[in-house]
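I opened a new page to write down what I looked up, one entry at a time. The structure goes here first.

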2 protein chains.
Amino acid sequence: MRRLVPLWGRTVKDTGEIRLEHGSGGALSRDLVEKVIHPFFKGDSYSELLDAGPLEKGSDLLMTTDGYVVDPPFFPGGDIGRLSIFGTCNDLSVSGAKPLCISLALVIEEGFPLADLRRALASAAEAAREAEVRIVTGDTKVVPRGKGGGLFITSTGVGRRVFPLPLSPGRVQTGDAVIVSAPIGSHGLTVLAAREALPVAGALRSDAAYLYPAVSALFPLGEKLRFMRDATRGGIASVLNEIVQSSPWGIAVKDDAFPVTDDVRTVSSLLGLNPLEIANEGVFVALVAGDSKERALDILHSHPLGREARLVGRVSADSPGRVLTTTRIGGTRIVDFPRGLLLPRIC
Amino acid sequence: MRRLVPLWGRTVKDTGEIRLEHGSGGALSRDLVEKVIHPFFKGDSYSELLDAGPLEKGSDLLMTTDGYVVDPPFFPGGDIGRLSIFGTCNDLSVSGAKPLCISLALVIEEGFPLADLRRALASAAEAAREAEVRIVTGDTKVVPRGKGGGLFITSTGVGRRVFPLPLSPGRVQTGDAVIVSAPIGSHGLTVLAAREALPVAGALRSDAAYLYPAVSALFPLGEKLRFMRDATRGGIASVLNEIVQSSPWGIAVKDDAFPVTDDVRTVSSLLGLNPLEIANEGVFVALVAGDSKERALDILHSHPLGREARLVGRVSADSPGRVLTTTRIGGTRIVDFPRGLLLPRIC
């Protein structure tokens, strides 16, 4: 087992360089995107911070892109090929679009085993069949040994809008219910355990899944369905904070309401990690009108990917711009964007 | 000056691993794509080896993707940001589509200077304005030091088909003229000279350019315009060989017909490189009906990016599946896919 300490908790200071924390999905990631990247693309819909943007104004076709750099490329429950298809399809799904097609761009490091490349591609092809998306174009680059990380895959997806309303924080109202679709934390812990060869690895399995079937099951809620987001890098904590940011309302959740398996609870506690901050690949957050929460939960519970969906909190006017959680012993604390958490190459 | 020898000419053998030659744009790149990657995506239009594929059957929207891993990221005449926009727009352009929008996915290595990131993004944003494409979505990943190559950008573009006929080898006929739009070899040599700090660098400048204005100027040729392709990795030699591959005809060119600047001629000769095999970022090959070659050249000559366009050869029934060149002293030799040529990270 290699030393784990350098993976997280390092002091964050501004060195004028990209740091690992910039890729964590937490506060620093947000800083990088908002302060460094977005200013160059003002006016483009990119700057609206959406997971998926329309090809042109008024188009019902949405586009999304994601780079997959997960290390190791194969782990229990998934691999980089499967992630590269499902992750991108999931971003379209939670934006209300049915995934249509995908492009795959590979950056491969010299020395990467051809057998592993084939294994990853076979898995991507199988995932594409499962999601019924066509791979319409691709690209392959090779970089010298020491200048890459084995295999990186960037997949870009286009989907057709099915849900007619925007699924954005702008439609959220006080009193809305916050639902988490499935047990959290398994993907991030699984990858970490596989990378570091932790003795706990046996019990863990990534939740990598194609979410469109579960997500679209909620579309009949119509305007009662306000917002959805898959909880990947930065976990549930990042998603909830993105929702409340610059909003006149906040979110109140309960610590013990979140679905967490015993395995994830044990391992994350052992490693000093908060399950709310760990990446998932098969979990989404849905905000629905308060009067529709039972119906939403019924729908999800009847679906294989939502069997363990839980109501975790509600939108509240009491704490504008903040996510507050009630702890098991009755206290209240702020759930912030993850800070200084260093789990690089988790997806 | 570092040793150049390891950059090319190494013996090619099958080690079961990805080798640098797999990324050269030459014979090995083609092997990798055709034998390793495509078999997994049979039935997807990906397997048709087009630069851009329709989003769905019958759609007039085409999609293309490209990873940019150029080293160094900044060089005379261009940079990775500019390449990432223009290169992807050019793939759409030569497919007969007007570029509409782009996604940008960044994979940044820990330690990469924020100032360089800003410089590359500013350049990408400026290029997007020049090409009138919107950046609709993006993604940012950070990989640990030693697991990346500074900055990689994968851009994916969608464009709307403007030219109504397929620009594919299937429409090419014996007697068609082969035109090269601009002087060749400057991009690849410029990047190589910048990377290796060659003393010749001063005279060289990348030709990175947005080709749609020049390409679309040929659209009025209608069915007389058969095929176009930008000559990037693998250079003119790869493009011509891709055209003739599995065709009942071949291409006959003349060595001294190709537009080559004195600088490129001198430097490539010094380095033992063939300008036909060097990457370009502002050059395309057009095949037009023989009776329309003068008109095509007139159109290109009146355009800033085609001022030095040249007729370089013609499609011939004499050498099916082969590109033959007549040398200056009157002999004939085969122009093959570049082999063993190692100019990694050239785009």
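Entry 1, domains. I took the domain bounds from an automatic or database domain assignment. The model I am reading is predicted. For chain A the assignment gives domain 1 as residues 50-161 and domain 2 as residues 169-334. I looked up the distance between the centres of these two domains of chain A, taken over C-alpha atoms, and it is 24 Å.

Entry 2, where the domains touch. I found 20 residues of domain 1 of chain A in contact with 20 residues of domain 2 of chain A. On the domain 1 side, helix 2 (80-94), strand 5 (97-109) and helix 3 of chain A each give two or more residues. Helix 2 of chain A gives the most, nine residues. Sorted by class, I noted that this side of domain 1 has 10 nonpolar, five polar and five charged residues.

I then looked for buried residues in helix 3 of chain A and listed Asp116(A), Leu117(A), Ala120(A), Leu121(A) and Ser123(A) among them. Ala124(A), Ala125(A), Ala127(A), Ala128(A) and Ala131(A) are buried too. Just after this helix, I noted a positive phi of about 55° at Glu132(A).

I looked up how chain B is laid on chain A: a turn of 180° and a shift of 0.0 Å along the axis do it, with an RMSD of 0.0 Å. The two copies are therefore related as by a two-fold rotation axis. Which residue of chain B comes closest to the rotation axis? I found Gly148(B), with its C-alpha at 2.1 Å.

I read off 65 residues from chain A and 65 residues from chain B. On the chain B side, the elements that supply at least two residues each include helix 1 (27-37), strand 2 (61-68), helix 3 (114-131) and strand 7 (151-161). Strand 6 of chain B has the largest share, 10 residues. By class, I noted 35 nonpolar, 18 polar and 12 charged residues on the side of chain B that touches chain A. Of the interface residues of chain B, 100% are also interface residues in chain A, so the copies meet through the same surface.

Definitions and conventions: Residues numbered from 1 in each chain as written. Chains lettered and ligands numbered in written order. Predicted model: local features only at pLDDT ≥ 70, side-chain atom pairs only at ≥ 80, totals over all residues. Contact = placed C-beta atoms within 7 Å. Helix = DSSP H or I, 4+ residues; strand = E, 2+ residues; numbered from the N terminus. Nonpolar A, V, L, I, M, F, W, Y, C, P; charged D, E, K, R; others polar. Buried ≥ 20, exposed ≤ 12 C-beta atoms within 10 Å, placed from the backbone. Least-squares fit on C-alpha atoms with pLDDT ≥ 70 in both.
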